[in-house]
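Here's a quick tour of one model, with a stop in each of two chains. Have a look at the structure first, then read on.

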Amino acid sequence: MPSPREPLNRQETFETSFRGFFADRFPPLHRYLSRISGDPELAEDVAQETFVRLYRRGVMPDDPAAWLVSVANNLLRDEQRKKSRRLRLISTGKSQPDDVGEAGGPEADLILKERASLVRGVLDTMSQREQQLLILHHEGYSYQEIAVALGVAPTGVGTLLVRATAAFARAFASRSHAPR
Amino acid sequence: MHPDRPRWRAYLDSEMEADEIADLERHLKDCGVCGLVAAELQSDKVSVAEMLGSLEGPASVTTVEDILQSARRPASGRWALIAAMILLGFVTVAGATIATGAFQTIVERIRRPPSADTLEKSPVPDQSPALTGIALETAGTAEIIFLSSQVNGTLTITEGDRSNVDIVATATVPYTVRSGRVTIVNAGTSADYRIIFPRGLHRALVRVADRVLFSRDGSVVRAAVKPDSTGQYVVSLSSSFN
């Protein structure tokens, strides 16, 4: 017969695993969302909401990392559709955070910003699926996690990665050699 | 028969079982063509990783306690409502008219310099060209996060007899409001800020990057500096705090 203590133990166990999972998985999810959206603030919001939903679920999904990405992708898509929801106090002056890199002085900052802008431009030429695939892999997600998160066959992830990497390299070479 | 590119890619990504790795490595020993393919794939992989690395943004400021607090709170939508009101306020700044009372308050603060009582003892210079701010209704708790330290800039924290949290800045700075938290995207800016919490607010927190500068939990107040003779906490937003 279950003791009255059991439900609390289950909750404690879930919370303990949730805390560990958060420490392990929040940073890469946030970085993934930040890179895919180009908007660190939106990424923070979406990553938070995703983890709030995971906590409210009360149990870990079968593949929690893939579950997170899948939910986060849906939330991000919704947020981007209603972009006007973004809050921004605008009257005069600079409104867009563009702090890519900090050390190295203004010249190094400029180079980093130029490169980031170039990379963003290259990603924009690719399909959403290719962008997700490359960035998820870059963040250390396994083939299995990527497959579940993006709804593709695990055996196809290698093929998709090869194609996406080649497409990225071609587009990057073409843009970086193009006259500005 | 040569393994195809996806197999080599899986090999490079360590996404293979040990026996398959052994097979490929045996093949690689005797096959110059596959050696070139693997080298090319590895080179592309490294290049793409370097490029994607350049998209690094600010680190997250979220803690697991933030998530737990938010997840346990009933989804009242209160802050979402406030956020929507402020958003409408921004539209209004661009020229439309205002509909509701609470809304009016917020927009007026954005449009004009704060009233004399707000400016009293304020570090904000008089010549500030675009003093901006927000007023936020709270449900007993408020958290203000500055994502970065600044090269210049002063933060003044005080309490006043009011029902809203007021945040006033000397420059226009983007921010978001979510789940009882205001996140100010201040990287690369140098504004001065003044935060006025309602007197008696149960819980308040002000953080710059990962450093808590001020917190109130009931009657317990912790701050990075002592209050001045007028009871205000005046702290620098410079990197010396990191």
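## A helical chain and a helix pair

Of the 180 residues in chain A, 37% are buried (20 or more other C-beta atoms, placed from the backbone, within 10 Å of the residue's own). This is a predicted model, so local features need pLDDT of at least 70 and side-chain atom pairs pLDDT 80 or more, while totals for chains, interfaces and linings use all residues. Residues are numbered from 1 along each chain as its sequence is written, with chains lettered from A and ligands numbered from 1 in the order written.

Chain A has 7 helices and 0 strands, with helices being DSSP runs of H or I of at least four residues and strands runs of E of at least two, numbered from the N terminus.

What about α2(A)? Of its 18 residues, 15 are buried, so α2(A) is largely enclosed by the rest of the structure.

Over in chain B, α1 and α3 pack against each other at about 60 degrees, axes 10 Å apart. Those axes are lines fitted to C-alpha atoms over the stretch in contact, and angles run from 0 to 180 degrees between N-to-C directions. Here's who makes the contact, meaning C-beta atoms, placed from the backbone, within 7 Å:

| Helix | Residues in the contact |
|---|---|
| α1(B), residues 5–12 | Arg5(B), Trp8(B), Arg9(B), Leu12(B) |
| α3(B), residues 32–53 | Cys34(B), Val37(B), Ala38(B), Leu41(B), Gln42(B), Lys45(B) |

Technical notes: Buried ≥ 20, exposed ≤ 12 C-beta atoms within 10 Å, placed from the backbone. Contact = placed C-beta atoms within 7 Å.
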